[in-house]
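Visitor: I am new to this structure. Please pick one part, look at it closely, and take me through what surrounds it.

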Amino acid sequence: MLLSSKGKHRRPSKAVRIATLAGVTGTAVAVPLMGATGASAASVATWDAVAQCESGGNWSINTGNGYYGGLQFSQSSWAAAGGTQYAARADLASKAQQIATAEKLLDLQGPGAWACAGAGGLTNDGVDPGVDTGSAKSEAEPKAAQPERKAEQPTSRSETRTAPKAEKTVTTPTGDKVKKGDGEYKVKAGDTLSTIAGAKDVKGGWQKLFKLNDDIVENADLIFPGQQLHLK
C-alpha cells in the first residue's frame with residue numbers, strides 16, 4: 001500500500017493511494033534538492049528504497065492511476081523534469097533513465113516531492129548515482145505518444161510585426177519558459193502551493209491560492225522559483 005502523498009509534483013491530497021502493483025509515480029520526489037548536480041544527488045540504493053515503497057520496486061508499473069514507473073511520476077512531472085527525452089512515460093523508460101529524471105525533479109522540488117522520501121531515507125547526500133541512461137529513447141515507447149510542445153511560429157513577417165508583446169516569463173530548470181506573474185509573493189526553491197498557503201495563512205488553503213493564480217500556474221503541482229503569486 002502506497003503512502004498518502006503531498007509531493008510537489010502531485011496535486012496536494014490527503015487521500016491514501018493504494019495500488020496492488022507498486023505504483024511508481026514518484027510523483028513526489030520531494031527531497032530538497034540543491035541542484036541538478038552531484039550536490040543534490042542520491043545513491044542508486046536510496047532510489048531503490050524509495051521505489052520499493054512507492055511501487056514495490058516495479059520500475060515498469062502502470063496501474064492506470066495516473067502515475068508511472070518505479071518512482072510513480074505523474075505525466076506533468078515526468079515532462080517537467082525532462083523525462084520525455086527518454087520515453088513518453090516513466091514506465092516506458094529504463095530504471096537508469098527514471099533515476100536520472102528523478103535527480104532533476106529532486107533538484108527542482110526537493111525530497112518532499114515523494115510520499116516515500118522518508119521511507120527511502122531520501123536526502124541531499126551529494127552522492128552521484130552514476131547511472132547510464134543510454135543515448136536513445138526507449139524502444140518500448142509508442143511513436144504516437146511522443147508529444148512535443150513547440151511554440152507557435154508566425155507564418156509571415158507581417159504577423160511578426162503585429163504580434164502582441166510577450167508576457168514576462170521565468171525559465172524552469174528544464175529550459176521551458178512559464179509566466180512570471182506580478183503577485184506579491186516570489187516563489188523560492190522548495191516551495192509548493194500548500195507550504196506557501198500555510199506559511200502566509202491563505203484562507204482556503206492551496207486550492208484558493210491556485211485559483212488566485214490560475215492565470216500563471218497551469219498545474220497546481222508545479223510552480224517555479226521566480227514566479228510571483230497573488231496571496232489574496
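Guide: Lys 95 counts as partly exposed, because its relative accessibility is 33%; buried means under 20% relative accessible area, exposed over 50%, and partly exposed in between, using a 1.4 Å probe and protein chains only. This is a predicted model, in which local features need pLDDT of at least 70 and side-chain atom pairs count only at pLDDT 80 or more, while totals for chains, interfaces and linings use all residues. Residues are numbered from 1 along each chain as its sequence is written, and side-chain values use heavy atoms, with hydrogens and water left out.

Lys 95 forms a salt bridge with Asp 48, with 2.8 Å between the closest N and O atoms. A salt bridge here is a side-chain nitrogen of Lys or Arg within 4 Å of a carboxyl oxygen of Asp or Glu. The pair links distant parts of the chain, 47 residues apart: Asp 48 is in helix α1 (residues 44-55) and Lys 95 in helix α3 (residues 95-109). Helices (H or I, at least four residues) and strands (E, at least two) are DSSP runs, numbered from the N terminus. Asp 48 is also partly exposed, at 28% relative accessibility.

The part to look at is helix α3. Its 15 residues reach 20 Å from the first C-alpha to the last, close to the 21 Å expected at 1.5 Å a residue; the expected span is 1.5 Å times one less than the number of residues. Of these 15 residues, 13 are buried, so α3 is largely enclosed by the rest of the structure. Just after the helix, Gly 110 takes a positive phi of about 90°.

Next comes the way α3 meets α1. The axes of the two helices come within 11 Å and cross at roughly 95°. That makes α1 roughly perpendicular to α3, a label for angles of 65 to 115 degrees; under 35 counts as roughly parallel, over 145 as roughly antiparallel, and the rest as oblique. The axes are lines fitted to C-alpha atoms, for helices over the stretch in contact, and angles run from 0 to 180 degrees between N-to-C directions. On the α1 side the contact is made by Val 44, Trp 47 and Asp 48, and on the α3 side by Lys 95, Ile 99, Ala 102, Glu 103 and Leu 106. Contact means heavy atoms within 4.5 Å. An α-helix has 3.6 residues a turn, so residues three or four places apart point the same way.

The whole structure holds three salt bridges. Another of them joins Arg 89 and Asp 91, at 2.9 Å from N to O. Arg 89 is partly exposed, with a relative accessible area of 23%, whereas Asp 91 counts as buried at 10%. Lys 188 and Asp 191 also meet in a salt bridge, at 3.8 Å from N to O. Lys 188 is partly exposed at 47% relative accessibility, and Asp 191 is buried at 15%.

To sum up, α3 is largely enclosed, with 13 of its 15 residues buried.
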